[in-house]
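Me: Please take a close look at one part of this structure, the aromatic ring pairs, and walk me through them in one connected answer.

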Amino acid sequence: MKRSVPDSISLDFGTPEVSPRTSSDFEEIPYPPFTTASNQQYSSWAAPQRREEELPLHYMNEETARRRVHASRGPASTGFYDEKQDQYDDDGKDVYAKIRASKIPLSSGRPRRPPAPPATSIGEFIQQNLEHIPPIIYTLLSCWTRFHAIGKSPRVIWDEAHFGKFGSHYLKREFYFDVHPPLGKMIVGLAGLLSGYDGHFEFKSGENYPDNVPYVAMRVIMAMFGVALVPLGWYTAVELGMSWRACHLVALMVLLDVGWLVISRFILLDSMLLFFTFTTVFCFSKFHNQQYHSFSPDWWLWLAMTGFSIGCVASIKWVGLFVTALVGLYTIEDLWEKFGDLRMSARDQARHWGARIACLIVLPILVYMTSFKLHFLVLNHSGPGDAQMSSLFQANLVGNDFARAPLEVAVGSKVTIKNFGYGGGLLHSHVQSFPVGSKQQQVTCYHYKDENNDWTILPRWDEPPYDPEAPIRFLKDGDVIRLSHVSTTRNLHSHPIPAPVTKHHHEVSCYGNSTVGDNQDQWVVEVVDDIKLGKKSNVDKIHALTTRLRFRHQSLGCYLRAANSILPQWGFKQVEVTCDKEDNPGDTHTYWNIEGHVNPRLPAGEPRYYSSPFLRDFWHLNVAMMTSNNALIPDPDKEDILASKPYDWPFMHLGLRMCGWSDDQPKYYLLGTPVIWWGSTISLILSPIVLVVYLMRMQRRYVDMEPREWEHFLYVTKVAFVGWFLQYFPYLIMGRVTYVHHYLPTLYFAVLMLAHLLDHFVFTAKRLTERTKWIVFGVIAFTIFATFWWFRGLAFGIDGPINEHWGLGWRKSWNIYN
Amino acid sequence: MSGPQDIGIRNRGKSGPSSRYASSSGSPTDDLDDDHIAATHPRDRSSIEKLLETEEASVAVVATLTLMAFALRFYKINHPDQVVFDEVHFGKFAAHYISREYYFDVHPPLTKLLFGLTGWFVGFDGKFKFDNIGDSYTENHVPYVGMRAFPAILGSLTIPLVYAIMKESGYSTVVAAFSAILILFDNAHIAQSRLILLDAPLIFFMSVTIYCYIRFRKLRYREFSPEWWAWLLATGTFMACTWASKVNGILTVVTIGIAVLIDLWDILDIKKGHSMDFFWKHFMARSIGLILVPIVLYLWFFWIHFAVLTHSGPGDSFMSPQFQETIRDNEMLLNSLEIRYYDTITIKHKDTKVFLHSHPERYPLKYDDGRISSQGQQVTGYGHDDINNHWQVIPTKSLPETGRGRIVRNDDVVQLLHVSTQSLLMTHDVASPTMPTNEEFTTWPKDDHSRHNDTLFHLRIADSHAGASWKTKSGLFKLIHVPTKVAMWTFPGQLPDWAFNQQEVNGKKETADKSTIWYVDDVIDNADGEGQNKDQVVHKEPKSMNFFKKFAELQILMLQHNAGLTASHPYASGPFNWPFLISGISFWTQNEGQKQIYLIGNLAGWWACVIGVAIFIGILGADLLARRRGVEPIPESVRNRLWNSTGFFLLVWAVHYLPFFLMGRQLFLHHYLPSHLASALVAGSVFSFILSETINYPISIRGPSTRPKPATRADLGLKGPIILAIFVLILFSFYLYLAPLTYGTPGLTGEQVNAKRLLSSWTLHFAAKKTDYAA
């Protein structure tokens, strides 16, 4: 590739003392603000297009050109060659020309180039697409690293145990529950389907895959997302306007980071999370480069693609939303700029707002909800996650017998009772007692099917005991009953003792037995309404599934309530059940409904179809996910060798063993390529310092960069630093357990920052010679490659006794060696 | 805001974008042409304004306010004569200063030192230890009124300070009084000020700091003059006091820091025409006044703290052995013996305080979860003294017959012999009973050498140099297994019945973990008999330790413990609730007479403050939006006042409030009090802005080279005093209504309690049962 010599060009812009924003610039120099050093650098590796930039009109007729100018005639739309045409049009009559010249849009990122004319020969085609050759080569290399020996370990590695299992549920179509949104796991299921897996493997951690599980094919499909990271990294760097050397460095770092590599080679969600994080940044940088062509087809395309990516990344894991914040902040800044543009018409303002709302808010939400809709459509059989959902939803699952249970609830029925609040569970008790308060038997809310969820409805103490032979007494509004726990025969009880977590409520416990008890075991049934029958006045008998009830404690007047506060370890992290002294009729956490219902004396119900609205189920499941996610707090009682703290990550204090460490199996260790992690972290520390120094120099009116160059520098710095910060900082304040792989999406921004700073200080520096740049580039590229090669075993699998592999413990804290 | 539009857009024509720069006010050259606002010449003001702005009127107002502040804060200060809420801590700390016993707390020492000083001054002997809420002061002869008077005085003096801050910032007497009464009649400030708590001094010092900084800023055209230096140094001094009063005081430092950075950034601006030398001069002055002086003071407070607390006390055990040896009569200092080989010792785990124990019972072959054990002899942690806790230290190297060569030293490889079963401690690659990831600890018969290697342990003494001798109590150590590199470890987890529910001991792979630390509790038997006579060592002199090392150690501990205060508390509340007074804190209750103290603010006052802050943020937002669209609705000088003065108050509010959202520790309503004071300042200036667009201008003191500017004077007219009077009435009635909860007297009947519950989320005691439940 032929490169022009940038030194001669750099003479063009100026000595620092001359303000570059003079109105006469365009009269003297053909394209004043465009020929920056960085752009020269850029175009030097894509040399064939240079001529066309100078003569933008040669490929279109005058009519097209005029339309084009018109189309991009938004007040802010003054790309470099539009600018020129504006001047042709206005022919110097424009009174604002001078002001506008001083407000030449400070475009940053990749220079916009007109599309090339169709190729007439193969040679010309190759000439036109020369710039795509490096990414193609990188992609091929990436295929090798990602697929090499991918089936080496025939065991269930690390979280394959979870995500493989969830994938199986889609194949078996059984409803399950998990804290992550469904898209990623559906793709795992799809991968299983494509590779011919029947879904009947348990994915027990560390177990060998049986012959009928095509785990290699599934891993290969997952690894494709990992392969795509490399070209995405390359093109993102191109779109961010980096020089060719910096683009190569970004691609090399994405290709050769052991952490990104190893996480992409198994059946995990992380490769998809990374992929959609990368696409979001890529689409977003593409969109940024369209900023002076508002509402052009490309502009719409990349805006919508950004929104689509956001939707996907958030549907893989919620942490994907952090990257959304970057796009959000950018959009706010962008709209603020537009808001200050007094020449823009109100209609255009509204269109800008509308476009953002539609593409960046509505579209992602639609994508997210679609993934849930598919989730519900696929999983239509009863499975292990049923109890997380509302009773009505469960009644619709194939294989669930709720609908066949007797319709009307009577005294003597054996029932399970479901809390109606979002994320509510089943009323539960077990033989363990409270270590605090009354020390009586615990009552909790539990989300899984268990016979400890069964309760019998019994009459009051002062009434004759329940007689199976007596006439059936149906339950009505206002009835006073006891609830007897079937497996322990104790009665649901409350008393004026503070509840263990929510101290200002009364504790609810299980007390006595079938003969011992007091009037604090008695509860008044209050009907709220019925989903099928409607208002309270229409409800005469209480129906299973549909009637919403409240249980009022007869003597204390408090209401039975479960509101997702989690008990400590002694309560097995189940949900606390309390008796709320306040009567809040609108509080759905005090609403309950009868879910399972067994009464041999009553006729079985008709299998009816209860409809359960999608939006309700969607919301319900999301709240349940949120609740479980919040419950994943670090447990001081449980020692977790795998977990790490966010401040361990940037300097790679800890790695993570992804599988058993015995001599006879390939061993995988989640650890980045050290030079990439350390280098990128150092660049992140340097970037604010550099920025402050430049700002201080600007405050003293030293001109280090011309405005366009500065704008570009600021833009890339902001994207990399704010992106990194938004992905990293939430983990610091998050209460939940964190692992080193949470840093992997964050690392991308750190890598961009490293490439950007190298680009700024070395590759596009005017003072350095080509030779120096070559040497710096060579040394860095070689170091990255050498370190990768040194640590490649961590991703490709280390055979044999680990202690025989020498020189991997670069930091004492890594537990690579036994 | 029917303000003068014509002025608003006056300067559009000539310099569109550049007007942005004019907003950074205060240079001698700019904003001179902004003065023909609808303002009033000093002579044209309404008569009531003229009257109120006189020196005499101002003094009269502030004197009244101060007197009332003292009255409200000292009213029945002797009630209750019992320990209330956190007096249990801070009273105790004061007692420790008087008895000079070392204690540990997460807060810096200044306020507690002052409490100690007050206590000493009023004759408190330090014997009473404030053990429980509700302990009687009168029965224990504690001069508690004197000790409570100290925060009450500072809390009362905060009122004139608020007034002065507003006055110095250029607001009318009426406005200054408005801000002051928001604090004056506030039940939360009152309740917090009349008890032995840190918050009243903290708030006082914070107010002084703000006041000094404003005085300093007003002298900005007379830089480097003596009074400029004086106010700069005063700012630094009181900033240090705030910081040293309570950990939260660091937020005041951050506030001033941000303000100073903005200030310096303006000085750096080349448009102001200053040279770099001039900038560096400013920079150095602030470094001295606001960094160096506060740090020296802060260190000095700690120096006093260490100098006073020279005797052993409850805080010893928090500190490192080196530190403890500097404390007189410290157990570690007294009982620290060197251990020699063949001594019989007992070993205790540092965190859980259990002895390393073993007994002839064996691990069951198969556990409940199906895993298999080695069936070796059990090694457990046991809380009580027992002969089975005795271990003998066996050397792995040849020893001299006598002398110091027999002392066990750091990095030695040792074996531990369980005395009663004559077997050696060992571990191996077998999963422990409850944790598959950790190694099982067991023992091996002494005479069977087949597992010799597994019985070897490296002795690593914490924070020690190679060859340091191993001592009882002070020699904290880790025991690292030689072949498998695990550390002996235990945790509060019970083994099942087969091990008599004793605590599990196992080998942990993370040897760096702090919970793997053990210490030798005692030397039971001195094998070679030549040993140390315990009676001889009683009169050891405390060792000395570098002050900075002590300081650093204490600071780190304070930070760690502060972050560790995560236990739930029934009256803890989230920061969202605070400005709206969603819930308070029950400080004290007394069943007899149904009395209680409940920390809750003046509902009307707090909501006025919240509304003030909301309006102000709204004004800023509207101003930004309008200017973005080229409209300038607020005259330049008023806008400068809003951004620079009220903006500073808002900064104080935000910096003292928002960080709590990020904190994991337990939070209480009283953490908002500093912010509440700042919000009262904001509310005052919003009050002024709404009533009138006139301001007192200029308020900065003219320097030698400042061009004279036409002065304008604020004029609120008659409506100011009238609205103020109405406000006083409202606030005072709310104050009176809630007073029984604030002063804890008189007692309330159940119905009265229900009536006092202005928000249903307030969890008061002695509420009457609702009787309308039909059974």
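Reply: In this predicted model, A:Phe282 has a relative accessible area of 13%, and because buried means under 20%, this residue counts as buried. A:Trp302 is likewise buried, with a relative accessible area of 15%. A search of the whole structure finds 116 aromatic pairs over all chains, and A:Phe282 and A:Trp302 form an edge-to-face pair, with 5.6 Å from centre to centre and 85 degrees between the planes.

B:Tyr657 is in helix α17 (residues 636–657) of chain B, whereas B:Tyr672 is in the loop between α17 and α18 (673–691) of chain B, so the pair ties together parts that lie 15 residues apart in sequence. B:Tyr657 is buried at a relative accessible area of 5%, and B:Tyr672 counts as buried at 2% relative accessibility.

Ring pairs also join B:Tyr102, B:Trp243, B:Tyr298, B:Phe302, B:Phe306, B:Phe323, B:Phe547, B:Phe548 and B:Phe551 into a cluster. Over the ring of B:Phe323 sits the charged end of B:Lys550, 5.6 Å from the ring centre. In chain A, A:Arg550 lies over the face of A:Tyr559, at 3.9 Å from the ring centre.

Conventions: Residues are numbered from 1 along each chain as its sequence is written. Chains are lettered from A and ligands numbered from 1 in the order in which they are written. This is a predicted model: local features need pLDDT of at least 70, side-chain atom pairs count only at pLDDT 80 or more; totals for chains, interfaces and linings use all residues. Side-chain values use heavy atoms; hydrogens and water are left out. Rings of Phe, Tyr and Trp (its six-membered ring) pair if their centres lie within 6.5 Å; planes under 30 degrees apart count as stacked, over 60 as edge-to-face and the rest as tilted. Buried means under 20% relative accessible area, exposed over 50%, partly exposed in between (1.4 Å probe, protein chains only). Helices (H or I, at least four residues) and strands (E, at least two) are DSSP runs, numbered from the N terminus. A charge sits over a ring if NZ of Lys or CZ of Arg is within 6 Å of the ring centre and within 35 degrees of the ring normal.
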